[in-house]
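Hi everyone, thanks for having me. Today I'd like to walk you through one structure, a few spots at a time. Let's bring it up on the screen.

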Amino acid sequence: MPNEMDLTDFRRDLTDVVDNLGDTGPLRLLKYGMPVAEIRSTNLDCEQRYAKAWIALVRRFDKMEILDHLGNLGLVNHSDLQELAERLDNLTEAGVTFSDYGEHYLPTEGPTTVDEVLARLHFGSAWPKTADDPYAWFEATSDLQKAAHERGKDTELAYPNAYDETRPTLSDLAIASGHTPDTFRRFGIQALDQRVALKKLDEMMGKNAIPSDVLALPHYNSYTFEQLVEGGLPVAEAATVFRRNLATDDAQNFVTAGIRTADEIEELIKGGFNAELAVRAHREGIEPDQWRRQLRQLQGLRYKGDGALPFNLLVEAAAEKLSLVRWDSGSYPVDAAKTLYDSGTGLKRRLQRYPWNEVFPDRIMDLARAGVPMTYVTAFGKLLSHHFKANNDGSFADLAITAYEKGLTADIANSISRQDSRAKRPAFTPDTLIAVLDEGLTHHTAQYLVEKHHNPATWITTLQKWNTLQPHIADFITKNTDTDAWQTVCAFALSYKGHKRARSRDLDYAIEGAVALLDAGTPAKMNDTQLNHLVSLTYWILAEGRYGHHIFKKEHAEAAPAVQALHLELLQVIEQHTPKDDDPAL
């Protein structure tokens, strides 16, 4: 006998339930998940409220241009649409953002769920392609936006694949870095607490898939990581560089120079290799295997990455135990550098100017082998600028070396070239300069001669006269070394260094030369002019006592007659041995 059941009470109870549903719509009875009956309210007011709620939902989603898409996805009943609307409102109010162009990002066919629709509208084109559970990533990123909203910060998320959908999305970057939704949520909140905006999260992780353990390192720097990768280092090797705490400027330079593994970078850094020189060698087309061998030869030398010379020239010099550091860096003397630097030109541009264009780079090794300093090249170029600017015959370097070997120095050249001389600057030719140097020009004699004569031929005859007289002057000094008169002259020379100068510049330079030779312990090397001026000025001071030498006069007044006699004797020696105009010595 079939079971019988009185459904009267059940129907009455069910009707009461439906009448109290408000605007939630009819009640559907399901059998095995399929609707078999629909019970509607008998209350007209409930039906009207239900209809208005439907209309509001339809208008809302139609305005969002996703109504048809929702229908295609199977979201057609009132409860699903109501849930979607309420959750959108609540999330938006909490700071979560959704795309304004949702119709482009929803699937074209269903079925789907409210959760997936929310995630699709949230991610837009940034939908995580590699996520096993996209909704979990939606919860993570929406929680980050809520956290930013609560802190009063910008809720805009990073959008790394903007304008290029081939690049990974924010979630894909996080997944590739080893993050789960939970760890990424913690990573983002920690970034917020460190005052990092959400839209900077991709920069913290980098454009590439950076492992989460690397991101967590205290010394991690997204810019440096990207520089390593863009320089050609694989992402995995760049991560290893950070794990070993090798992410320095040197590491970036080695990558630029062609190094492609963290092991090699570590070996080079620990080996003390110059990373800037490695870049320089690479720039000149030298491969890593070759420049590594060459850099070993340059260790300990302070070459820079922006030097002027070819890299192979530095290696050649090192093989000969020579240093081209100053030549390479363009270390000009202060006076020469000032004008060059003020002109606003770079090192390479300056080296194209005279006199450097006469020696860079082909003749540098010849100059270095001869021991010629850069300051000398500056002074030599200034001394003979009138010649080489008019006669550029390629002999500059050879003549500079010859003159240097014959005793020309930067000080001598500058003494001749100085602009404050009252005499006209002598216009030396290469031949006359060598002739003057062959006669034994010194710094002090050059200073004296530039004040007295502007004709190089006169310089030569004057030097020849001094050389002819010099043995006799040496004998005179040796003979009088132990006399009181000579001792007085020496005492005056010592006092002269700290007092007002003589009456004229040529006299001053002559006496300075004599004093310098006395200080050096070689008074016998004085020429007749230097000695004559020194002795005569000593007597004149003792006789007149001017120019601040009152104390010296008071202490040595009794020596005046002896000094006068010494001077007269000197004049006789000079007169006796001075070559006459027709003397072959001239």
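Predicted model: local features only at pLDDT ≥ 70, side-chain atom pairs only at ≥ 80, totals over all residues.

Let's start with arginine 302, which is exposed, with a relative accessible area of 74%. Anything over 50% counts as exposed, so this residue qualifies.

Next, let's go inside. The largest nonpolar core has 128 residues. Which of them touch the most other members? They are Trp291, Leu324, Trp327, Phe380, Leu408 and Leu441. Let's zoom in on one of these, tryptophan 327. Setting aside neighbours within four places in sequence, tryptophan 327 has contacts that include Trp356, Phe360, Met374 and Val377. There is also a second, separate core of 31 residues, with Ile477, Leu507, Ile511 and Leu542 among them. As general background, nonpolar side chains tend to be buried together in soluble globular proteins.

Finally, a pair of helices. H22 (residues 374-383) packs against H24 (residues 396-405) at an angle of about 110°, and their axes are 11 Å apart. Angles of 65 to 115 degrees count as roughly perpendicular, so that is how H22 and H24 are arranged. On the H22 side, the contact is made by Tyr376, Val377, Phe380 and Gly381; H24 brings Phe396, Leu399, Ala400, Ala403 and Tyr404. Sorted by type, the residues of this contact are eight nonpolar, one polar and no charged.

Terms used: Residues numbered from 1 in each chain as written. Heavy atoms only, no water. Axes fitted to C-alpha atoms, helices over the stretch in contact; angles between N-to-C directions. Helix = DSSP H or I, 4+ residues; strand = E, 2+ residues; numbered from the N terminus. Parallel < 35°, antiparallel > 145°, perpendicular 65-115°, else oblique. Contact = heavy atoms within 4.5 Å. Nonpolar A, V, L, I, M, F, W, Y, C, P; charged D, E, K, R; others polar. Buried < 20%, exposed > 50% of the residue type's maximum accessible area, 1.4 Å probe, protein only. Core = buried A, V, L, I, M, F, W, Y, C linked by side-chain atoms within 4.5 Å.
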